[in-house]
Amino acid sequence: MKPSRAAASLGIGVVQAYRHTLGPLAMGRCKYHPTCSQYAIDAMREQGLVRGAVLAGWRLLRCNPWSHGGVDYARDQRLFPLGRRRSA
Amino acid sequence: MGVSLPLAGVLQPIEDVLTAILEWLHSDIGLTWAWAIVVLTLVVRLLILPLTLKQIRSMQALQVHAPELKALQQKYKHDKQRLNEEVMKFYKENKVNPAASCLPILPQIPIFISLFYVLRDFEKEVFPDYPQSDLGFLNELIPNITDKISDHWSGYLLLAIYVGSQVTSTLLMSTTVDKKQRILFVILPFVFIPFVLRFPTGLMMYWVTSNLWTTGQGVITRRLMPRTEPVAVKKTSRTPPKDAADEEADGDAGDGAKPKKPSPKPAGSTKPTQARKQPPPRSGAQPGGAPAVRRRKKRNPRTGR
């Protein structure tokens, strides 16, 4: 396993931990599909820890009371060029 | 201070602020520590009230679209993923989204964890400065708010209130219609019990106060949401509306979910600009179905017609 991939796994682990502990309390409140936590996992899987975290942070900022939400997959992000995508 | 986790260092500033607020409420306002926690909770909830109102308005606005959403649920009931996508698309197109959104939870997590540390170390860190102060609540019903829940029977009482309020508040405020998720809402508080038993009683007071606030809010919201269209009824008593489009805003809320009477004039009940791309609703769920119900005669107590 590449170190970068391990780092991404670490980040994904953190999000998974959130989903299994505090997450359920917040369930059903995300304005997007997939939810912010799923988006974070997808983003880190595709872009690595740092870029994934940036994408996830940006998504969280967009998931605010004034947004209308919508369908928004990590693979459709335009912040980072697609050429850098890592996983299949 | 709490150094069991590296997290504790990061949270130190929040802990300091919370401690300062509690100390201020205690020594300047003259509240007991327990009441200080309750008031702190109310202050936090008041601060995020504008966000909550925003969500409630969104939930009310959504009732207008109940028939369309119901149609979507019917259409994709075997494909949850697709259903989620379609519902979110629908929300976006109609600029109405009842979900609370994720961002506001973010600051609440560190506040909660910080309060955990503050109360855990309260007797060591804060109490020595106020040796005469009262750590109990309601005539020593709860003898010491820094004790663990499992230390006193009142903790279990609080725990029972927590479970009850957690279930009702999440059910009231959640927007999901997914049965499995709603069952999970009911089960979860029970799953948390083993962990919660080790919490300081004061933290549980924060949680319970917050839940009770949410529950009250939910009940009021339910009241405000017209199930049988009180607004429209008032109008019909004098002059029955000629055009359904006039009253779109307060229109088919509530009744929209069960459109048993198809409207004779569906025109104008959904704005074409908003409903541009939405998939065609299934039979029996005509968007224009509800306004007709408004003219029910039995709802006219004033005229007696």
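Helix 2 of chain B and helix 10 of chain B make a right-handed crossing. Handedness here means that the near helix is turned clockwise from the far one by less than a right angle for right-handed, and anticlockwise for left-handed. Helices are DSSP runs of H or I with at least four residues, strands are E runs of at least two, and both are numbered from the N terminus.

Before I go on, a word on the source. This is a predicted model: local features need pLDDT of at least 70, side-chain atom pairs count only at pLDDT 80 or more, and totals for chains, interfaces and linings use all residues. Residues are numbered from 1 along each chain as its sequence is written, while chains are lettered from A and ligands numbered from 1 in the order in which they are written.

Back to that helix pair. Two packed helices are described by the angle between their axes and the distance between the axes. Helix 2 and helix 10 of chain B pack at about 40 degrees, and their axes are 9 Å apart. That makes helix 2 of chain B oblique to helix 10 of chain B. The axes are lines fitted to C-alpha atoms, for helices over the stretch in contact, and angles run from 0 to 180 degrees between N-to-C directions. Under 35 degrees is roughly parallel, over 145 roughly antiparallel, 65 to 115 roughly perpendicular, and the rest oblique.

Which residues meet? From helix 2 of chain B, they include B:Ala34, B:Ile37 and B:Leu42. From helix 10 of chain B, they include B:Gly202, B:Met205 and B:Trp213. Contact means C-beta atoms, placed from the backbone, within 7 Å. By class, this helix contact has seven nonpolar, four polar and one charged residues. Nonpolar covers Ala, Val, Leu, Ile, Met, Phe, Trp, Tyr, Cys and Pro; charged covers Asp, Glu, Lys and Arg; the others, Gly among them, are polar.

Now the second pair. The axes of helix 8 and helix 9 of chain B come within 9 Å and cross at roughly 150 degrees. Helix 8 of chain B and helix 9 of chain B are therefore roughly antiparallel. Their crossing is right-handed.

Next, the cores. The largest nonpolar core has 31 residues. B:Ala34, B:Ile37, B:Ile145, B:Met204 and B:Met205 have the most contacts inside it. Helices 1, 2, 6, 8 and 10 of chain B each give two or more residues to this core. Helix 2 of chain B gives the most, with seven. A nonpolar core is a set of buried Ala, Val, Leu, Ile, Met, Phe, Trp, Tyr and Cys residues joined through C-beta atoms within 7 Å. Buried means 20 or more other C-beta atoms within 10 Å of the residue's own, exposed means 12 or fewer, and partly exposed is in between, with C-beta atoms placed from the backbone.

Look at B:Ile37. Beyond four places in sequence, B:Ile37 touches B:Ile145, B:Gly202, B:Met205 and B:Tyr206. A second, separate core has 29 residues, including A:Tyr32, A:Cys63, B:Met59 and B:Val96.

How do the chains meet? The contact takes 26 residues from chain B and 21 from chain A. On the chain B side, helices 3, 5, 6 and 9 each supply at least two residues. Helix 5 of chain B gives the most, with six. That side divides into 13 nonpolar, eight polar and five charged residues.

Chain totals, quickly. Chain B has 11 helices and zero strands. Of its 305 residues, 33% count as buried. Chain A has three helices and two strands, in the order α-β-α-α-β. Of the 88 residues of chain A, 35% count as buried.

A:Phe80 lies in the segment after strand 2 of chain A. Is A:Phe80 buried or partly exposed? Partly exposed, because it has 16 C-beta neighbours inside 10 Å. A:Phe80 touches A:Gln47 and A:Arg51, leaving out residues up to four places away in sequence. A:Gln38 sits in helix 2 of chain A. A:Gln38 and A:Ala74 are 36 residues apart in sequence, with C-alpha atoms 9.0 Å apart.

Methods
Two residues are in contact if their C-beta atoms, placed from the backbone, lie within 7 Å.
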